[in-house]
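This briefing covers salt bridges, a pocket and a surface patch. Look at the structure below before reading the points.

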Amino acid sequence: MLTDIQIAQSCKMKPINQIASELGIEEEELELYGKYKAKLSDKLWERVKDRPDGKLILVTAINPTPAGEGKTTTTVGLGQAMSRIGKKAVIALREPSLGPVMGIKGGAAGGGYSQVVPMEDINLHFTGDMHAITAANNLLSAAIDNHIQQGNELNIDVRQIIWKRAMDMNDRALRNIVVGLGGKANGTPREDGFLITVASEVMAILCLSTGLWT
């Protein structure tokens with residue numbers, strides 16, 4: 001029996017612009033990340049927003065079987081089944097976090113013959129958004145510590161800072177740490193810690209956002 005990764009690597013992938021064309025998405029509405037990945041631009045939404053809504057199937061709250069068949073595998077399988085009977089179906093999955101990917105749970109692109117490819121790219125970095133969120137979160141962490149170092153005009157109580165640093169990885173040794181050690185030039189010593197990126201405040205802001213603020 002082939003493993004998930006063997007099945008994924010044996011697939012002959014279609015270029016993403018071909019898949020987009022089959023769904024009625026125009027080339028200028030794509031932001032390409034190589035041959036097989038792309039983001040959708042705001043132009044697509046502006047073009048289709050007044051169309052009647054399609055039908056939505058929400059797959060949620062399923063505990064995986066011992067074989068790993070859970071929400072993602074079920075969702076991919078439903079999309080395949082709908083396409084098989086001639087429906088124009090698109091599935092929407094959340095981007096995997098490297099924490100579960102590198103932990104017991106493993107990847108989050110489905111399994112067996114119901115998985116999304118390129119599986120390795122999706123599970124490892126994808127389009128880089130998770131890393132950008134991590135960097136944005138840690139920039140704010142650095143700004144807090146720098147403000148304290150430069151005189152602490154806001155009188156921030158270093159014992160009550162609840163903002164945490166972030167990284168997209170499971171590392172229990174970093175959940176509770178002390179920063180600012182090594183002398184005056186390296187900041188004010190205080191307790192701190194790391195959250196996994198998907199649990200960060202910046203990720204929450206991104207998920208709740210409806211547009212760009214300018």
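A pocket is an open set of grid points with protein on both sides within 12 Å along at least five of seven lines, and its lining residues have an atom within 4 Å of a point. The model shown is predicted. A search of the whole structure finds 11 salt bridges.

**Second largest pocket**
- The second largest pocket has a volume of about 520 Å³.
- It is lined by 13 residues, and the closest to its centre are Ile205, Leu206, Ser209, Gly211 and Leu212.
- Two elements, α7 (129-149) and α8 (201-208), each give two or more residues to this lining.
- The most comes from α7, with 4 residues.
- Sorted by class, the lining has 7 nonpolar, 3 polar and 3 charged residues.

**Salt bridges**
- Arg190 and Asp145 form a salt bridge, at 2.7 Å from N to O.
- This pair links distant parts of the chain, as Arg190 is in strand β7 (residues 190-192) and Asp145 is in helix α7, 45 residues apart.
- Arg190 also pairs with Asp192, with the closest N and O atoms 3.4 Å apart.
- Shared partners join Asp145, Arg165, Arg190 and Asp192 into one network of salt bridges.
- Asp192 has a relative accessible area of 2% and is therefore buried; Arg190, at 5%, is buried as well.
- Another salt bridge joins Glu22 and Lys14, whose closest N and O atoms are 3.3 Å apart.
- Glu22 is partly exposed at 44% relative accessibility, and Lys14 is partly exposed at 42%.

**Nonpolar surface patch**
- Met102, Leu124 and Met169 make a nonpolar surface patch of about 260 Å².
- Met169 lies in the loop between β5 (165-167) and β6 (177-179).
- With a relative accessible area of 32%, Met169 is partly exposed.

Terms used. Residues numbered from 1 in each chain as written. Predicted model: local features only at pLDDT ≥ 70, side-chain atom pairs only at ≥ 80, totals over all residues. Heavy atoms only, no water. 1 Å grid on protein atoms, 1.4 Å probe; cavity = no way out; pocket = protein on both sides within 12 Å on 5 of 7 lines; lining within 4 Å. Points joined across faces, edges and corners; volume = space filled by probe spheres on them. Nonpolar A, V, L, I, M, F, W, Y, C, P; charged D, E, K, R; others polar. Patch = residues over 30% accessible without salt bridge, like charges linked within 9 Å, V, L, I, M, F, W, Y side chains within 5 Å. Areas by Shrake-Rupley, 256 points an atom, 1.4 Å probe, with all protein chains shown as cover. Salt bridge = Lys/Arg side-chain N within 4 Å of Asp/Glu carboxyl O. Buried < 20%, exposed > 50% of the residue type's maximum accessible area, 1.4 Å probe, protein only.
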